[in-house]
Amino acid sequence: MQVKNEDIIMQANKETPTVSLDRRHDVSKNPLCLSGKGVTREFHAGGTHTIAVNNVDFEFREGELVSIVGESGSGKTTLSKMLLGLLQPTSGDIYFRGKKRDISSGRKKKEYWKNIQAIFQDPFSSFNVFNKIDTVLLDCINMTGGKNLPADKKVELMTEACSFVNLKFAELTNKYPFELSGGQMQRLMIARIFLLKPKILLADEPTSMIDACSRATILDMLLNLRDEIGMTVIFITHDIGLAYYISDTVYIMEHGKFVEHGSADEVILTPKAPYTKRLISDVPKIHEPWDLSTVSGSAE
Amino acid sequence: MKNTVRQVFHSSKFVVGFVIFVAILLLIILYPLFFPGNPLEMIGVGTFAKPGTYVSLYDGINTETETLKLPGAADKRLDSVLKREDRIKMVAYLSAVGADIEGLDYMDTEALMELWRANYDETARPSGMTKAERNYYKRLNASLSSMGSSGQMTVTEHDSSGEEQVVATIGTEDYVNVSDVANTKNLVLGTDNFGRDVLKELVSAAGTSIVIGLIAGAVATAIGLLLGLLSGYLGGFVDDIIMFVTNIFTVIPGFVLLILISYSLGQDKRGAAIVALVIGLTSWTWTARSVRSQVISLRNRDHVNLSRLSGHSLWRILMTDILPYIASYVVMAFILQVSSGILAEAQLSLLGLGPKTTEVPTLGLMMNWAMLYSAHLNGSWWAYFPVILMITLISFSLNLMNTGLDQVFNPTLRD
C-alpha cells in the first residue's frame with residue numbers, strides 16, 4: 001500500500017507524461033544500425049518441426065523506434081532473442097552497423113552486448129530476487145568500465161539514473177527488487193538502460209504486465225531515453241494501437257514472417273495485408289461498437 | 001531468509017526430525033566426554049555379556065557385609081540357579097519314582113522342591129535310568145540342598161607358601177553395598193562378541209557413520225550439482241556428453257558398482273573416508289539428473305537472460321542467478337544423500353566390504369560382527385538391535401527433515 005502511495009506522489013510531482021504522435025522522428029536518412037537478411041529459426045523437438053521465424057528481412061536505423069507487432073506465437077520473442085544474440089539463427093545473417101554480426105566467442109558476445117540491451121515483459125521475473133537494487137545498478141556501472149570509480153561517484157551515477165525514472169536512490173538502497181511495485185521495477189529497468197547507454201534497446205512488451213496509469217509513464221520514459229541517448233528502440237508488442245502512438249516504423253509479423261512494414265502512418269492508416277487489417281479491427285474503441293466477429297475470425 | 005527459517009521451524013515434521021537428529025548428535029558429542037576411552041577396547045574375555053551392572057566378585061568378598069533377612073531370598077536363589085532343563089529332568093525323575101506329579105507346574109519352584117525333597121532317594125535305582133543320569137541327580141540334589149539351607153560358604157586362597165588360608169566366610173544373609181565394591185561396571189547394552197562395551201561402541205559408530213554419510217552426501221551432491229548445472233545450463237553437446245555418462249552410471253546398478261569398487265580396493269585401503277568417497281562417487285546420478293531438469297526450467301528466465309546480457313561469466317551466472325533458486329532443492333537432495341550414504345555403508349559393511357575392522361567401529365561393521373558371531377541366533381539382541389534402532393533413527397530423522405523442508409519449499413505439498 002505504501003509503495004503505491006509513493007508511486008502516486010511521484011506521479012503527481014512529475015509533469016504529465018506525453019506519448020504523442022509529434023514525438024516521432026524521421027530516421028530515413030540515418031545509417032543502418034541492425035539489419036537482417038533471410039533470418040530463419042527452426043526448432044526440432046520430439047519429431048516436431050517448427051519454423052518460428054521464417055526467412056525475414058529487416059532494416060533498423062540509428063535512433064529509430066521500431067515496433068514489431070504480432071499475436072502470441074507469431075515469432076516475435078524468438079526474433080528478439082536472435083537480435084539479442086541469446087539464440088542463433090538456423091540460417092540467414094544479422095548485420096550490426098553494416099557489418100556481419102560476429103558473436104562466435106564469449107568475448108565477442110560480451111562486446112556485442114555492450115551495444116544491445118533489453119527490457120523484458122515481466123518485471124517480477126526480470127530481477128534476480130537474491131540481488132539488492134544496489135547490486136543491479138552497480139553491475140551496470142562496472143559493465144561500462146566504471147569498476148574503479150570512487151564509491152561516491154558510483155552513488156552519484158546511480159542517483160542520477162534513478163532520478164531519470166523518478167525514483168529516489170536513497171530510498172531504494174539496500175532494498176530488494178521484489179519490495180517494489182511492478183511499475184517501479186520496470187522504471188528501475190529503464191534506469192539500468194540509462195546507465196548502460198546501449199546503441200540498441202529491445203523492449204519486449206514492457207508495458208503489458210503493468211497497470212494503464214504506469215504504462216504512459218513507462219512509454220514516456222522510453223521515448224525520453226531514445227531522445228536523450230539517441231539509441232534505436234525495438235519495441236515488441238501485440239498492441240497495434242500502442243505501436244501506432246510511439247513508433248517511427250512498424251513491422252507486422254504473422255506466423256514467423258513480416259507481412260507488412262513501413263512508417264507507422266502508412267502501415268496503420270492504410271493497411272494492405274489482411275492480417276494488419278484484422279489486428280487494427282481487433283482494437284476495442286470507446287464509444288464505438290466493437291465487432292467481435294473479426295476478433296475470432298481469420299485474417300482472410 | 002529469516003522468514004524462510006521461521007517457516008521451516010514451523011513445520012512439525014522438520015522439527016521432530018531435527019530434534020531426533022540433534023539428540024543423536026548431542027549423544028555422540030557428550031557421551032565420550034563423560035565416559036572417555038577407546039570404543040574398541042576389549043573389556044570382556046567371553047562373548048556377548050548381557051546388559052546390566054557387573055560387580056567384581058573378588059572385591060565383593062573383601063567388602064564389609066551387612067546381614068539382611070529378606071523374605072523369599074532362598075526361593076529367589078533357587079529360582080536363579082534352577083534352569084528350565086533341570087526342572088524338566090526333576091519332573092522326569094519324580095515321574096520315574098512314581099511320585100504324584102498330577103497338576104504340578106514345573107516352574108513353581110516351591111511345589112517342585114517340596115515334591116523333590118519328599119521323593120528323592122539317592123539309593124533308589126528307578127528302572128531304565130543309567131548310572132550317568134543317577135550321578136547327575138546326585139549332583140543336582142547336592143547343589144539344591146546347599147542352596148536351600150542357611151549354610152555358609154568359605155572362601156580360601158593360597159598364600160605365598162602354598163597353604164590355603166580362609167579369606168572370608170559368606171553366609172546366605174550377607175549383603176554388600178554395591179557402592180562399597182571397588183570395581184563395578186554398568187554395561188547398559190552389554191558387550192559384543194569381542195567383549196567390547198556395546199554402548200560406547202554404538203555411540204562412536206553412530207558418529208563415524210554420520211561422518212561417512214556427510215562425506216558421501218557432500219561428494220555425491222557436489223558432483224551431481226556441478227554436472228547438473230553445466231548440463232542444464234549449457235545444453236547441446238555438453239549436455240549430451242554429461243547425460244551419456246550419467247545414463248551409463250544410472251543403468252549400472254549403483255550398489256553392484258559399489259561392491260566391485262570396494263572389493264577391488266582391498267581391505268587394507270578401505271578406511272572410513274575411502275568408503276565414504278566410493279559411496280559418493282557411485283550415487284551422484286539422480287542428483288545430476290534432477291538438478292539438470294531444475295536448471296533447464298531456469299535457464300531461459302528473464303533474470304538469467306539479463307545476467308547474460310550484462311556480460312556475466314558462466315560461473316557467476318551459475319552461482320548467483322541459478323544456484324540460489326535451486327538451493328532449497330539442493331539442501332534436500334544433500335540430506336537424502338547423507339541418509340542413503342549411511343544406509344549404503346551399513347549394507348556394504350554387512351557384506352564385509354566396509355571400512356577396515358581395526359580402526360573405527362561403524363554401524364554397518366557392528367551389524368557385520370553381530371551377524372558373523374551369530375548374535376541373532378543365540379539371542380544376544382543387544383549386539384544388533386540397538387544398531388538397527390540407531391540406523392533407523394538417523395535415517396528417519398533425516399527423511400523427516402527432508403519431508404518438512406519439501407512441504408515448506410513446495411506449497412502444494414502442505415497439509
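In this predicted model, the buried residues of helix 15 of chain B are B:Leu363, B:Gly364, B:Leu365, B:Met366, B:Met367, B:Asn368, B:Trp369 and B:Ala370. The helix spans residues 363-372, and with eight of its 10 residues buried it is mostly covered. The cover over these buried residues includes three other helices of chain B, namely helix 8 (198-234), helix 14 (314-350) and helix 16 (385-409). Just after helix 15, B:Ser374 adopts a positive phi of about 55°.

Helix 14 of chain B, one of the elements covering helix 15, also contains B:Leu336. B:Leu336 counts as buried because it has 20 C-beta neighbours inside 10 Å, and the threshold for burial is 20 or more. Between B:Leu336 and B:Asp180 there are 156 residues of sequence separation, and their C-alpha atoms lie 50 Å apart in space.

When residues up to four places away in sequence are not counted, B:Asp239 touches B:Ser231 and B:Leu234. The C-alpha atoms of B:Asp239 and B:Val181 are separated by 72 Å, although the two residues are 58 positions apart along the chain.

The description now turns to the nonpolar cores. The largest comprises 77 residues, of which A:Ile190, A:Ala191 and A:Ile234 touch the most other members. Helix 8 of chain A (residues 182-196) supplies the largest share of this core, nine residues. Beyond its neighbours within four places in sequence, A:Ala191 is in contact with A:Leu137, A:Ala161, A:Cys162, A:Phe164, A:Val165 and A:Leu167. Another core lies apart from the largest one and has 67 residues, among them B:Leu230, B:Val275, B:Ile317 and B:Leu363. B:Leu363 is also one of the buried residues of helix 15 of chain B.

The two chains meet in a contact that takes 15 residues from chain A and 13 residues from chain B. On the side of chain A that touches chain B, the elements giving two or more residues are helix 3 (106-113), strand 6 (116-119), helix 4 (123-126) and helix 5 (133-143) of chain A. By class, this side of chain A has eight nonpolar, four polar and three charged residues.

Methods
Residues numbered from 1 in each chain as written. Chains lettered and ligands numbered in written order. Predicted model: local features only at pLDDT ≥ 70, side-chain atom pairs only at ≥ 80, totals over all residues. Contact = placed C-beta atoms within 7 Å. Helix = DSSP H or I, 4+ residues; strand = E, 2+ residues; numbered from the N terminus. Nonpolar A, V, L, I, M, F, W, Y, C, P; charged D, E, K, R; others polar. Core = buried A, V, L, I, M, F, W, Y, C linked by C-beta atoms within 7 Å. Buried ≥ 20, exposed ≤ 12 C-beta atoms within 10 Å, placed from the backbone.
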